[in-house]
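Please read the following note alongside the sequence and the three-dimensional view. The points are numbered so that each can be checked in turn.

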Amino acid sequence: MRTRLAIFASGSGSNAENIISYFRDSQEVSISLILTNNPSAGVIERADRLGIECCVFSKEEFYSSKRIQNLLKEREVDFVVLAGFLLLVPPSLIQTYKGKIINIHPALLPAFGGKGFYGDRVHAAVLESGQSMSGISIHHVTEKFDEGGIIFQAACHVDRKDSIKSLALKIHALEYKFFPVVLEKMISVQNAPHE
Ligand code: GRF
């Protein structure tokens, strides 16, 4: 039985597309659903083009109804991935997917994480600080922003001539290279028979 993934995204969704492409011919993993809280997110067009079901929901529904939980259950989703998703995940969802809900953050946590650190704001803060390294962090999701246990990190150099745009490109390259591979590894460990 293939492990069924749902991907939550609030923006462009290039990581979502990269994950979908990576697992396209996989016998172990399939992408069941894309979910977004943003009705104008680029990820909606990507889902449409890639033939993946996409659910657009409101913040109110997310926190005050069972619509999303029920949909994940109906689609028999086993594992949840946040890829550029900007809302906190409600405790009930975290409980349901304990150890099976992960996020990617575009910096080396715990630095440059937490409320307000998202997207280009993260890169702007890194550049402002004068740090010579940045990178990506893949981590478990908790009820707070960017605080769950770190699963994987990869770093890149920040050059003095880097702009927000050039740093974002380096970070995205790391995300595309490592996120699907780390996901695949996590899923295969979880699915391995216990001794
Ligand atoms: C990524 O850099 C991710 O780390 C961060 O938001 C960005 C989303 O980019 N959380 P995209 O929507 O996948 O293109």
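Which residues surround the ligand? The points below begin with that question; please keep in mind throughout that the model is predicted.

1. The surroundings of the ligand. The residues around the ligand are Ser12, Gly13, Ser14, Asn15, Gly84, Ile104, His105, Pro106, His172 and Glu175. The ligand sits in the largest pocket. Helix H1 (14–22), strand S5 (101–105) and helix H7 (164–191) are the elements that each give two or more residues to this shell.

2. From the backbone, an N or O atom of Ser12 is 3.5 Å from a ligand oxygen atom, and an N or O atom of Asn15 is 2.8 Å from a ligand oxygen atom. From a side chain, an N or O atom of Glu175 lies 2.3 Å from an oxygen atom of the ligand. Taken alone, the ligand exposes 370 Å², and the protein buries 86% of that area.

3. Aromatic pairs. How many aromatic pairs does the model contain? The count comes to 10. One of them joins Phe8 and Phe62, with ring centres 6.0 Å apart and 40 degrees between the planes, and this pair is tilted. Phe8 belongs to strand S1 (residues 3–8) and Phe62 to helix H3 (residues 59–64), so the pair ties together parts that are 54 residues apart in sequence.

4. Are Phe8 and Phe62 buried or exposed? A residue counts as buried when its relative accessible area is under 20%. Phe8 has a relative accessibility of 1%, so Phe8 counts as buried. Phe62, at 5%, is therefore buried as well.

5. A second pair at Phe62. The ring centres of Phe62 and Phe85 are 5.7 Å apart and the planes stand at 85 degrees, so this pair is edge-to-face. Phe62 is in helix H3, while Phe85 is in the loop between strand S4 (79–82) and helix H5 (91–96); the pair thus links distant parts of the chain, 23 residues apart. Both Phe62 and Phe85 are buried. Together with Phe8, Phe57 and Tyr63, these two residues form one aromatic cluster.

6. Backbone geometry. Most residues other than glycine have a negative phi, and most peptide bonds are trans. Where does the backbone of this model depart from that pattern? The peptide bond from Leu109 to Pro110 is cis, with omega near 10 degrees, and Pro110 lies in the loop between S5 and helix H6 (120–129). Phe112, although not a glycine, has a positive phi of about 55 degrees. Phe112 is also placed in the loop between S5 and H6, and at 18% relative accessibility Phe112 counts as buried. Glu76 likewise has a positive phi of about 55 degrees without being a glycine; Glu76 is found in the loop between helix H4 (67–74) and S4.

7. A contact across the sequence. Phe23 is located in the loop between H1 and strand S2 (29–36). With a relative accessible area of 3%, Phe23 is buried. The C-alpha atoms of Phe23 and Glu184 are separated by 8.8 Å, although these residues are 161 residues apart along the chain.

Technical notes: Residues numbered from 1 in each chain as written. Predicted model: local features only at pLDDT ≥ 70, side-chain atom pairs only at ≥ 80, totals over all residues. Heavy atoms only, no water. Phe/Tyr/Trp six-rings, centres within 6.5 Å; stacked < 30°, edge-to-face > 60°. Helix = DSSP H or I, 4+ residues; strand = E, 2+ residues; numbered from the N terminus. Buried < 20%, exposed > 50% of the residue type's maximum accessible area, 1.4 Å probe, protein only. Near = heavy atom within 4 Å. Polar contact = N/O pair within 3.5 Å; in protein donor to acceptor, adjacent residues only side chain to side chain. Areas by Shrake-Rupley, 256 points an atom, 1.4 Å probe, with all protein chains shown as cover. 1 Å grid on protein atoms, 1.4 Å probe; cavity = no way out; pocket = protein on both sides within 12 Å on 5 of 7 lines; lining within 4 Å. Sits in = over half its atoms within 2 Å of the grid points.
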